[in-house]
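Please look over the chain shown below before reading on.

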Amino acid sequence: MNASLLLALTLIPLVNTPTSDAPPELGKVRFGRDVDAALIAAAAQKKPVFLLFQEIPGCATCKNFGAGPLTEPLLVEAIETLFVPVVVHNNKGGDDAKALERFREPAWNNPVVRWLDASGRDLIPREDGVWNSGAIATRMTKALQKSGTSAPDWLQSAALELDTSAHQRVVLGMHCFWEGQAALGALPGVVDARPGFVDGFEVVDVRFAPSVISTAELIARADKVGCATHVWASTAAELEVARSIVGNRARSLEGSVRAAAETDDLRRLKASRTLSRLKLTRMQSVRVNAQLSLEGADPRSALSPLQIAALRAMEVEQPR
């Protein structure tokens with residue numbers, strides 16, 4: 001059997017197939033149950049510990065946590081491959097109760113995640129009420145940094161994409177939204193780019209992370225590649241910024257953007273026999289679609305290791 005195919009068949013179940021008796025509060029992550037064993041493994045593997053205190057069976061918040069961050073494919077992969085995951089049931093006796101006392105955690109509490117080094121010390125401060133996928137992803141990247149390991153690009157991108165509360169929006173007009181989606185999707189900080197129509201013009205509706213790329217920089221770079229013949233801003237502040245760059249080509253967005261046909265979205269990605277079959281996030285799809293249009297760009301750079309393994313397995317069957 002081809003080595004790439006064997007690797008994919010070996011690794012993919014780790015994130016896609018939880019154990020059959022796994023409670024919903026644990027999502028799709030395969031957790032250990034022995035904290036000391038996890039600390040020993042962390043030292044041997046040079047990884048931080050992902051320590052979850054969870055009520056099992058639990059309340060709606062506990063189940064939602066399992067269905068949210070602990071089910072997001074990229075977060076599941078990160079938890080299982082970049083950390084040593086272990087869970088303490090906060091509503092049980094025995095070793096679980098001893099672990100609660102050891103880490104001074106309350107019983108019968110909502111989910112709490114702590115990131116530890118191999119000695120059992122917190123890498124980042126403990127925090128209650130962190131239950132959404134974006135916040136968990138961001139704290140994972142911070143914990144990795146504190147441990148002396150840089151978070152991989154695919155995890156940093158996942159954190160940007162999942163932190164939707166920080167996204168901003170601008171709508172850009174151009175002569176061809178196929179080319180525009182590809183050009184804008186390649187810009188750092190762009191988390192989504194969707195083709196559509198406004199006032200009869202072809203546009204790309206862009207969502208972006210201002211922590212990576214500012215409104216001014218995004219519009220300026222779009223203008224340089226012919227993707228800002230018109231600019232529609234969704235706030236008064238962004239309209240002022242847009243006018244400082246493109247003058248009277250900027251206007252306020254009134255009403256909604258009419259979506260283009262599904263066949264007009266991600267055309268380059270959909271044309272790939274293998275890449276189009278991968279389970280990608282929206283941001284990954286936009287980025288891969290863009291890279292396929294750039295000479296010399298490698299679409300694999302937007303993928304996680306398990307996605308790359310899956311792609312290699314498919315390429316055994318047919319070329320990209």
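How far is the sulfur of C176 from the closest cysteine sulfur, and in which residue does that sulfur lie? The closest cysteine sulfur is that of C227, at 9.1 Å, which is too far for a bond. The model is a predicted one, in which local features need pLDDT of at least 70 and side-chain atom pairs count only at pLDDT 80 or more, whereas totals for chains, interfaces and linings use all residues. Residues are numbered from 1 along each chain as its sequence is written, and side-chain values use heavy atoms, with hydrogens and water left out.

**Cysteines**

- The structure holds zero disulfides, a disulfide being defined as a pair of cysteine sulfur atoms within 2.5 Å.
- C227 is likewise in no disulfide, since the nearest cysteine sulfur, that of C176, is 9.1 Å away.
- C176 is buried, with a relative accessible area of 15%, and C227 also counts as buried, at 4% relative accessibility; here buried means under 20% relative accessible area, exposed over 50%, and partly exposed in between, with a 1.4 Å probe and protein chains only.

**Backbone geometry**

- A cis peptide bond, with omega of about -5°, joins I56 and P57, and P57 lies in the loop between β1 (49-54) and α4 (60-67); helices (H or I, at least four residues) and strands (E, at least two) are DSSP runs, numbered from the N terminus.
- R104, although not a glycine, has a positive phi of about 55°; this residue is placed in the loop between α6 (94-102) and β3 (112-116) and is exposed, with a relative accessible area of 79%.
- L266 is not a glycine either and has a positive phi of about 55°; L266 lies in the loop between β9 (258-259) and α12 (267-270), and is buried, with a relative accessible area of 7%.

**Strand pairing around β4**

- Strand β4 (residues 168-173) pairs with strand β6 (residues 201-208) in the antiparallel sense over six bridges, where two strands count as paired if DSSP finds at least two bridges between them.
- Four bridges join β4 to strand β7 (residues 230-233), and these two strands also run antiparallel.
- L172 has V204 as its bridge partner in β6, and L172 stands opposite V231 in β7.
- V231 and K28 are 203 residues apart in sequence and 42 Å apart in space, C-alpha to C-alpha; K28 is found in the loop between α2 (13-16) and α3 (35-45) and is partly exposed, with a relative accessible area of 31%.

- The structure holds one cavity of 30 Å³ or more, a cavity being a set of points, on a 1 Å grid over the protein atoms alone, where a 1.4 Å probe fits but cannot get out, with lining residues having an atom within 4 Å of a point.
- The largest cavity has a volume of about 40 Å³, where grid points are joined across faces, edges and corners and a volume is the space filled by probe spheres set on the points.
- The lining of the largest cavity includes P111, W115, E127, W131 and R139; β3 and α7 (133-146) each supply at least two of its residues, and β3 gives the most, with three.
- The lining residues of the largest cavity divide into seven nonpolar, one polar and two charged, with Ala, Val, Leu, Ile, Met, Phe, Trp, Tyr, Cys and Pro counted as nonpolar, Asp, Glu, Lys and Arg as charged, and the others, Gly among them, as polar.

Terms used:
On a 1 Å grid over the protein atoms alone, a cavity is a set of points where a 1.4 Å probe fits but cannot get out, and a pocket is an open set with protein on both sides within 12 Å along at least five of seven lines; lining residues have an atom within 4 Å of a point.
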